[in-house]
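The model is predicted.

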Amino acid sequence: MTSLLFRFFRFGCVGAAASLVHLGVVAALVPLGLPPAGANVLAFLAAFQVSYYGHRGWTFRHPGGAATYARMFVVALGTFSFNEAAYLWMLHHVALDYRISLALVLGVQAILTFVLARTWVFQGASSQ
């Protein structure tokens with residue numbers, strides 16, 4: 001149980017770093033004239049690198065490899081599809097600032113990613 005809590009803590013730290021990159025890229029690109037939904041796509045690609053390498057090296061302590069990278073990318077694309085759909089819905093139907101809407105969507109996306117990463121992407125990861 002303790003190792004799961006430490007893993008979840010590490011997951012949260014890496015996820016927070018990836019989310020900050022994601023939010024930062026969107027916050028930097030929107031004032032330059034890119035629509036929020038378009039900026040969100042570029043931010044996802046930047047944040048994915050932080051997420052994959054952080055989770056591989058620190059959260060799950062997994063050797064990685066092409067198959068692991070591909071599984072993580074599939075999970076990221078799946079959860080990003082959710083992210084984009086939910087974000088677009090919130091932009092059109094919820095009266096919140098675009099950054100707050102994105103933060104809420106990223107929180108739900110993080111939980112989905114943890115479950116899929118733990119059960120499929122990093123199978124056989126060290127229990128430390």
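## Arg118 in helix H4

Helix H4 spans residues 98-121 and contains Arg118. Arg118 has a relative accessible area of 40% and is therefore partly exposed, since that class lies between the 20% and 50% limits. Leaving aside residues up to four places away in sequence, Arg118 touches Leu4 and Phe60.

Tyr98 is 20 residues from Arg118 in sequence, and the two C-alpha atoms are 30 Å apart in space.

## Nonpolar cores

In soluble globular proteins, nonpolar side chains tend to be buried together. The largest nonpolar core in this model has 14 residues. Among those with the most contacts inside this core are Phe48, Tyr52, Phe60, Met72, Ala117, Val121 and Phe122. Two or more residues of the core come from each of H2, helix H3 (66-93) and H4. H3 gives the most, with 4 residues.

Val121 touches Thr68, Arg71, Met72, Val75 and Leu116, again not counting residues up to four places away in sequence. Another core, of 8 residues, lies apart from the largest one and includes Val26, Val30, Ala39 and Tyr87.

## Nonpolar surface patch

Leu34, Val41, Leu42 and Leu45 make a nonpolar surface patch of about 300 Å². One of these residues, Leu34, is in the loop that runs between helix H1 (2-29) and helix H2 (36-59).

Technical notes. Residues are numbered from 1 along each chain as its sequence is written. This is a predicted model: local features need pLDDT of at least 70, side-chain atom pairs count only at pLDDT 80 or more; totals for chains, interfaces and linings use all residues. Side-chain values use heavy atoms; hydrogens and water are left out. Buried means under 20% relative accessible area, exposed over 50%, partly exposed in between (1.4 Å probe, protein chains only). Contact means heavy atoms within 4.5 Å. Patches are made of residues with over 30% relative accessible area and no salt bridge: like charges are joined within 9 Å, nonpolar side chains (Val, Leu, Ile, Met, Phe, Trp, Tyr) within 5 Å. Accessible areas come from the Shrake-Rupley method with a 1.4 Å probe; for residues, only the protein chains shown count as cover. A salt bridge is a side-chain nitrogen of Lys or Arg within 4 Å of a carboxyl oxygen of Asp or Glu. A nonpolar core is a set of buried Ala, Val, Leu, Ile, Met, Phe, Trp, Tyr and Cys residues joined through side-chain atoms within 4.5 Å.
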